[in-house]
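This report goes through selected residues, helices and chain totals in turn. The sequence and structure come before the first section.

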Amino acid sequence: MVRGLPSTASLVRFCQKLNRLKPLEESTMETSLRRCLSTLDLTLLGVGGMVGSGLYVLTGTVAKQMAGPAVLLSLAVAAVASLLSALCYAEFGARLPRTGSAYLFTYVSMGELWAFLIGWNVLLEYLIGGAAVARAWSGYLDAMFNHRIHNFTEAYVGTWQVPLLAHYPDFLAAGIIILASVFISCGARVSSWLNHTFSVVSLVIILFIIILGFILARPHNWSAEEGGFAPFGFSGIMAGTATCFYAFVGFDVIAASSEEARNPKQAVPVAITISLGLAAGAYILVSTVLTLMVPWHSLDPDSALADAFYRRGYSWAGFIVAAGSICAMNTVLLSSLFSLPRIVYAMAVDGLFFQVFARVHPRTQVPMAGILVFGGLMTCLALLLDLEALVQFLSIGTLLAYTFVATSIIVLRFQRAPPSSSSGPASPDPSVKEYHSFSDHIQLVGTEQALAPEPGQLRPALRPYLGFLGRYSPGAAVAWALGILVASAITLACVLVFGDSGLHLPYGGYILLLLLSSVMFLFSLLILGAHQQRRQQDTFQIPMVPLTPALSILLNICLMLKLSYLTWLRFSIWLLIGLAVYFGYGIWHSKENQRELPELTTTRYVVFPSTNLEETVQTVQPPSQLPSQEPSPTE
């Protein structure tokens, strides 16, 4: 071997470090946080995270520029597409009642490096999302006072002409983040109560908008004289769906808060489903009355609802709409500030991030260091930076997290059930039994034959027809099928998004690639469906696995491919910074790295008896520690 080059064994060990999994502890309810959130608390957290400024801005923009009155169909399709990802979060949140959300779900199924990168991206998502909402809140309030705040700041502070910096410092946005951080640091009950207040006020105002909007509705605005119901056709509805999909981003705050829920196995799935249903209903009904009150082509994209009431002679209703938008943006900001320090806390507890963020305040039982540091970073972003160029980071980070969570659902369904955890790293594994005598061997074989098929094995009913798959070790065929599924989903998404012109293919080659990728996608689904899955009766499980998460993976990849090249470039730079943090700190301080050291003192030997029976696994001491003695006659 050349001096200075790592050996093959060291490279293998290094790769194993990157892919090590966090132990799956589904039943534990122990936590240093306070379990005080009810189903209602989680539901309102989810509603607050989804029903934000998008309800007051996004509906008018999509209606005028993309779909017309058919925006309600775009929202309905987007809600169903979001439901695919929401169900994945619901199953994980019920089975793993720990904080961490997508980071934790990836850690227990995909590996440590992937989990860190997902957590790293989620941090950026919450930072930019919270700062952008604070900026929007400041701008909306400034508009209510005829831009006096803006003019005052420019007059007495001045303007900047520096790349990536805002034209002027937004002290109002920074102030609202600091105030929200103070409330979040007071504990989960205080922040939940505050979120309740803003969410209830927001929902009441939305109900007022819907009722008054239907009273003022004019069905003529959907007629052919005004352009019809779908003036941009099917393509416009689909373009609106891609934009409206981001309106329902925010339900992951429920999964991130599962460690503080009283009964997460029931509360998390119910809260995610109800909150997504309420948000979808609010968006669809508001967009319906908006396009019925005034013609879609005359909407003001920046303030569609307030302008619609003003044009119908109800200018006083515009102030109510403005109050509702501010309350809605407050709930989104609270959701971001509530989830962000908890993701950091989960990563720090696992040793992948700096340990100072793993400390919990003894009285309020919240991760105070994460609130202070990342609340301060969010304040600086809102105060100084130009966030318009960075907002697309929200999309790529969210979609990547959704993709990994959906993939993790498939991995988890075909994993073997974890052995019962022991109290210490050096304690013997209770699932391993020593078999010495011939009668013990017979008992072992009979027991294995009576056991039901394990997850990852071919279903017994299909073995006569798919016997070639039964020759693989449990899980091997599933791993290959999952890899083919992801690869074919990426290929199919490229074909659907870019088309023959974007891929520079002849029409015949384009059709061939479309058919081939579709067939491979369906073939991998059939292979996965032919294998046994883990079934649990006491927790929520997604129906139609692997089809449901597979469709979520395909949809998320399609939406990611629609983002600009500049967004992917910036995202790559952020990933490189994350890799530097992981290889500089996380990989060496990981708790899984500490667990590997005691495990080296125990070695497993596989003994093949001469009687050609099933292999017997014995757990013994290392040879250097074995006392010299003669073997027992029964051995």
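## Ser-408 and its contacts

The side chains of Ser-408 and Ser-109 are joined by a polar contact of 2.9 Å. This is a predicted model. A polar atom of the Ser-408 side chain also lies 2.7 Å from the backbone oxygen of Phe-404.

Ser-408 is part of helix H16, which covers residues 392–413. Leaving aside residues up to four places away in sequence, Ser-408 touches Phe-92, Phe-105, Thr-106, Ser-109 and Met-110. Ser-408 counts as buried because its relative accessibility is 0%, and the cut-off for buried is under 20%.

Ser-199 sits in helix H9, residues 188–215. With a relative accessible area of 3%, Ser-199 is buried. Beyond residues up to four places away in sequence, Ser-199 touches Leu-44, Gly-48 and Thr-331.

Gly-578 belongs to helix H22, residues 565–589. The relative accessibility of Gly-578 is 0%, so this residue counts as buried. Its contacts, not counting residues up to four places away in sequence, are Phe-116 and Trp-120. Gly-578 and Phe-116 are 462 residues apart in sequence, while their C-alpha atoms are 8.1 Å apart in space.

## The nonpolar core

The largest nonpolar core has 167 residues. Those touching the most other members are Leu-42, Tyr-56, Tyr-89, Phe-116, Phe-248 and Phe-353. Helix H6 supplies the largest share of this core, at 19 residues.

Tyr-56 has contacts in several stretches of the sequence, not counting residues up to four places away. Among them are Ser-202, Ile-205, Ile-206 and Ile-209. The contacts of Tyr-56 also include Ala-304, Leu-305, Val-321, Gly-324, Ser-325 and Ala-328.

Helix H6 runs over residues 112–144. H6 has 33 residues and spans 48 Å from its first C-alpha to its last, close to the 48 Å expected at 1.5 Å a residue. Of the 33 residues in H6, 28 are buried, and the helix is mostly covered. H6 is followed by Asn-146, which has a positive phi near 55 degrees.

Helix H14, residues 315–349, has 35 residues. From its first C-alpha to its last, H14 reaches 53 Å, close to the 51 Å expected at 1.5 Å a residue. H14 is also mostly covered, with 29 of its 35 residues buried. After H14 comes Gly-351, whose phi is positive and near 85 degrees.

## Cysteines

How many disulfides does the structure hold? The number of disulfides is zero. Cys-36 has 7% relative accessibility and therefore counts as buried. Cys-327, with a relative accessible area of 12%, is buried.

## Chain totals

The chain has 635 residues, of which 50% count as buried. Its secondary structure consists of 23 helices and two strands. Among contacts in the chain with a separation of 6 or more, 82% are between residues 24 or more positions apart.

The accessible surface of the chain is about 29,400 Å². Carbon and sulfur atoms account for 66% of that surface.

Notes
Residues are numbered from 1 along each chain as its sequence is written. This is a predicted model: local features need pLDDT of at least 70, side-chain atom pairs count only at pLDDT 80 or more; totals for chains, interfaces and linings use all residues. Side-chain values use heavy atoms; hydrogens and water are left out. A nonpolar core is a set of buried Ala, Val, Leu, Ile, Met, Phe, Trp, Tyr and Cys residues joined through side-chain atoms within 4.5 Å. Buried means under 20% relative accessible area, exposed over 50%, partly exposed in between (1.4 Å probe, protein chains only). Helices (H or I, at least four residues) and strands (E, at least two) are DSSP runs, numbered from the N terminus. Contact means heavy atoms within 4.5 Å. A disulfide is a pair of cysteine sulfur atoms within 2.5 Å. The expected span of a helix is 1.5 Å times one less than its number of residues. Accessible areas come from the Shrake-Rupley method with a 1.4 Å probe; for residues, only the protein chains shown count as cover. A polar contact is a pair of N or O atoms within 3.5 Å; within protein, one must be able to donate a hydrogen and the other to accept it, and residues adjacent in sequence count only if both atoms are side-chain atoms.
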